[in-house]
Amino acid sequence: MEKILDAIQSGASGDDIAALAIPESYRAAFVRRDETEMFEGVESWDKDPRQSLHVEEVPTPALAPDEVYLAVMASSINFNTVWTSIFEPLPTFGFLDRLARESEWAARHALPYHIVGSDASGVVLQVGSEVRNWRPGDRVTVHCNYVDDQDPSAHDDSMLAANQRIWGFESNFGGLADLSVVKANQLMPKPAHLTWEEAAVNALCNSTSYRMLVGHNGARMKQGDSVLIWGATGGIGGYAVQYVLNGGGTPIGVVSSPERAALLHKIGCEAVIDRRAEAYEFWSDPYTQDESEWRRFGKKVRELNDGEDVDIVFEHPGRSTMGASVFAVKRGGTVVTCAATSGYMVEFDNRHFWMKLKKLLASHFANYAEAWAANRLIDQGRIQPLLTATYPLEQVGAAALAVHHNEAEGKLGVLCLAPEEGLGIDDPAKRERIGEDRVTMFRSSAFPGHAGRG
Ligand code: NDP
């Protein structure tokens with residue numbers, strides 16, 4: 001790996017990089033198949049990813065014809081790494097076993113360990129025999145939509161493909177490692193003005209928010225629309241706020257601390273609700289929702305939105321908020337959801353839903369075209385990376401714990417091969433044009449207040 005890093009750092013040519021030997025093993029973060037029951041009887045909150053995520057050498061897999069070997073410079077923590085590391089809602093080895101049944105190449109994925117991570121920035125080292133558009137030496141970011149392009153169901157919207165998967169969650173050999181095998185159709189050009197860690201944190205969350213709000217498969221936000229955004233300084237929420245501001249809409253951001261509210265104000269989101277300060281209790285007990293709390297919340301939203309209900313709700317907490325989200329969206333408006341952090345058995349009052357002709361729209365990651373469009377907006381400097389802190393790969397468990405416990409704002413980057421932060425900027429003039437303060441606007445507002453549980 002040292003030679004690979006030296007070559008990358010010294011700006012070696014594509015031919016020189018192609019000539020480098022691929023190491024027989026590499027450092028990777030993984031969970032173990034024989035430990036999937038280690039947290040049995042432990043409450044979800046107390047399951048600690050530092051116990052389940054291991055960072056050790058693993059053998060390098062063979063390269064399939066449609067894949068590239070990628071030197072991973074940096075990666076990021078996504079909530080799916082939290083799910084994998086606490087084995088909820090179920091261990092991810094079942095996904096790997098199912099994938100392994102599909103083909104000879106897919107069989108590589110069923111292993112006693114699952115290498116996690118669904119984001120990466122890095123350098124292409126070698127390409128498989130069927131790879132046309134990428135060459136050794138290319139500097140790339142990786143999106144996580146893992147599809148079989150020989151399947152006809154993958155050719156309208158690949159998120160509707162019968163065997164669509166999320167790389168590093170439903171497949172092995174993820175990005176939290178020094179090396180990865182990645183399908184060629186997951187690659188996108190690395191924005192040249194960003195560091196490795198800034199480039200690594202965007203693809204999963206940025207593309208998800210793009211599809212939910214901007215792309216034609218999502219809520220199709222229009223200029224002037226008001227959008228209520230839960231977790232507005234979180235991974236997907238922070239990109240959502242930027243899309244609404246860019247698209248001529250009004251974001252109403254919900255967060256859970258004064259520091260997070262201050263960050264939203266700083267980035268131009270004027271309407272903010274601190275849900276903890278307002279002490280909303282949408283559930284009066286684990287089985288009963290309190291409509292009066294939905295009404296109190298709806299009133300607050302209207303106060304912040306010129307007396308109107310919102311056009312769109314950007315929903316992901318799930319069970320704790322879905323009733324309020326469906327209530328608060330306007331007549332004919334859309335609740336778009338991609339997740340259920342607080343519980344997936346959601347409940348809302350169908351009378352408010354059908355009588356007011358509201359819409360509920362499911363969304364999941366993004367197809368290649370959507371991920372490409374979202375990456376282009378980062379490249380143009382119109383959307384900024386949400387990076388707020390960076391961890392070394394050895395501390396991946398601590399980083400995952402911070403996300404699990406809602407102690408992190410924005411995105412946490414993870415340095416893999418990159419020996420330190422701040423490396424990888426290929427076009428400093430472009431960075432200057434876009435503005436250092438804009439590129440680092442989430443980072444530079446380091447704020448101590450951690451929100452925590454609930
Ligand atoms: P983060 O942890 O970065 O942010 C989530 C935010 O949601 C938190 O900052 C918190 O903000 C808020 N939140 C958490 N719990 C609650 C609650 N009970 N009620 C209200 N707000 C809550 O996570 P991400 O943004 O990266 O991901 C959010 C969810 O979306 C996860 O479940 C993830 O798995 C999923 N996801 C799904 C994708 C898909 O393709 N389907 C893609 C990406 C993510 P605060 O406390 O400040 O209010």
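Let's start with W83: one of its polar side-chain atoms sits 3.2 Å from an oxygen atom of the ligand. That counts as a polar contact, meaning a pair of N or O atoms within 3.5 Å. R260 also has a polar side-chain atom by a ligand oxygen, at 2.9 Å. With F365 it's the backbone: a polar atom there is 2.7 Å from an oxygen atom of the ligand. On its own the ligand has 910 Å² of accessible area, and the protein covers 90% of that; the areas are Shrake-Rupley, with a 1.4 Å probe.

Before I go on, a caveat: this is a predicted model, where local features need pLDDT of at least 70 and side-chain atom pairs count only at pLDDT 80 or more, while totals for chains, interfaces and linings use all residues. Numbering runs from 1 along each chain as its sequence is written, and side-chain values use heavy atoms, with hydrogens and water left out.

Back to the ligand. How many residues surround it? There are 24, and the closest are S256, R275, T341, F365 and N406; to be near, a residue needs a heavy atom within 4 Å.

A pocket here is an open set of points on a 1 Å grid over the protein atoms alone, with protein on both sides within 12 Å along at least five of seven lines, and lining residues have an atom within 4 Å of a point. This one is lined by 33 residues, with D66, V147, D149, K183 and N185 nearest its centre. By class, that lining splits into twelve nonpolar, nine polar and twelve charged.

And cavities, where a 1.4 Å probe fits but cannot get out? The structure has one of 30 Å³ or more. The largest cavity comes to about 40 Å³.

Last topic, the cysteines. There are zero disulfides in the structure, a disulfide being a pair of cysteine sulfur atoms within 2.5 Å. Is C205 buried or exposed? Buried, because its relative accessibility is 7%, and the cut-off is under 20%, with exposed over 50% and partly exposed in between. C338 falls in that middle class, partly exposed, because its value is 23%.

Methods:
Buried < 20%, exposed > 50% of the residue type's maximum accessible area, 1.4 Å probe, protein only. Nonpolar A, V, L, I, M, F, W, Y, C, P; charged D, E, K, R; others polar. Points joined across faces, edges and corners; volume = space filled by probe spheres on them. Polar contact = N/O pair within 3.5 Å; in protein donor to acceptor, adjacent residues only side chain to side chain.
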